Amino acid sequence: MNSQRANIVSELLNLSHEFGRRGLVILGEGNVSAQLSESTFLVKASGTSLGTLIEGNLTECRFDRLLSFFDDKPVSDAEVETALLAGRINPDALKPSVETFFHAFLLSLPDVRFVGHTHPIAVNQILCSSHAGEFSRRRQCPDEVVCCGPVSLLIPYVDPGLALAKKIRDELLSFQVQHGKLPRVILLENHGVITVGSSVQAVRAAMLMTVKAAEIYIGAQQLGGIKHLPETEVTRVESRLDEEYRRKMLRI
């Protein structure tokens with residue numbers, strides 16, 4: 001194993017273990033991934049646990065084999081299973097997660113090298129409620145803006161797998177046109193959270209801050225109602241030079 005690959009594996013396993021240790025997933029929930037090169041990436045294998053993930057639970061996959069399924073032709077469940085197995089570099093490796101398709105798409109985007117996906121209780125309490133839209137659009141604290149951006153992308157519930165990956169692709173491209181940038185946080189209704197970034201630190205910061213924001217949101221509602229940051233302040237925080245410097249120092 002070359003040193004670059006070893007570093008990526010180490011970072012990905014540390015991120016995975018932290019998500020598990022913090023209780024953001026249980027059992028086989030969630031997944032993580034990282035770009036290895038322009039042609040391949042690592043992703044958590046199906047049925048493995050983030051909290052106890054080992055290198056053998058990471059499967060190396062080809063981008064081209066999986067991204068070729070992002071057209072409009074109908075694909076059966078059996079064809080999806082075949083595609084996941086065919087996408088492996090090593091035919092003896094474990095089957096990658098069914099959500100590998102959205103990892104392949106997200107890791108093919110500019111400046112995205114790592115992806116994390118979890119099912120935090122606090123966030124899912126909101127995503128399983130009528131508050132999901134408001135939570136995705138509004139911010140409560142300056143650090144939420146710094147770590148998560150001024151707005152998150154909200155995806156309506158879609159069957160996990162290829163259908164979800166296609167919906168994420170379509171909604172993300174629309175978000176990019178509307179906001180002029182990629183989202184740092186993708187919220188999946190009745191499902192969970194995806195965070196993306198050029199570094200593990202960016203993925204971790206966006207994930208943990210989204211969980212913190214959800215806890216604040218729920219608590220504020222219980223205390224009589226949420227008080228959002230004014231949109232002018234959100235724009236101000238996002239564009240402040242000192243906050244941009246802090247992002248660079250934190251590698252987020």
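Keep in mind as you look around that the model is predicted.

**Overall shape**
- If you follow the C-alpha trace along its principal axes, it spans about 55 × 40 × 35 Å.

- Of the 252 residues, 49% are buried.
- The accessible surface comes to about 11800 Å², and carbon and sulfur atoms account for 52% of that area.
- Among contacts with a separation of 6 or more, 68% are between residues 24 or more positions apart.

**Charges**
- The chain carries 27 positive and 29 negative side chains.
- The centres of these two sets lie 4 Å apart.

**A visit to H117**
- You can find H117 in strand β4, which covers residues 114–118.
- Is H117 buried or exposed? Its relative accessible area is 0%, so H117 counts as buried, the cut-off being under 20%.
- The side chain of H117 makes a polar contact of 3.2 Å with the side chain of H119.
- A polar atom of the H117 side chain also lies 2.9 Å from the backbone oxygen of V193.
- Leaving aside neighbours within four places in sequence, H117 is in contact with several residues, including G30, N31, L50, E99 and F102.
- That set of contacts also includes L188, H191, G192, V193, I194 and M207.

How values were computed:
Residues are numbered from 1 along each chain as its sequence is written. This is a predicted model: local features need pLDDT of at least 70, side-chain atom pairs count only at pLDDT 80 or more; totals for chains, interfaces and linings use all residues. Side-chain values use heavy atoms; hydrogens and water are left out. Buried means under 20% relative accessible area, exposed over 50%, partly exposed in between (1.4 Å probe, protein chains only). Contact means heavy atoms within 4.5 Å. Accessible areas come from the Shrake-Rupley method with a 1.4 Å probe; for residues, only the protein chains shown count as cover. Lys and Arg count as positive and Asp and Glu as negative; His and the chain ends are not counted. The place of a charge is taken as NZ of Lys, CZ of Arg, CG of Asp or CD of Glu. Helices (H or I, at least four residues) and strands (E, at least two) are DSSP runs, numbered from the N terminus. A polar contact is a pair of N or O atoms within 3.5 Å; within protein, one must be able to donate a hydrogen and the other to accept it, and residues adjacent in sequence count only if both atoms are side-chain atoms.
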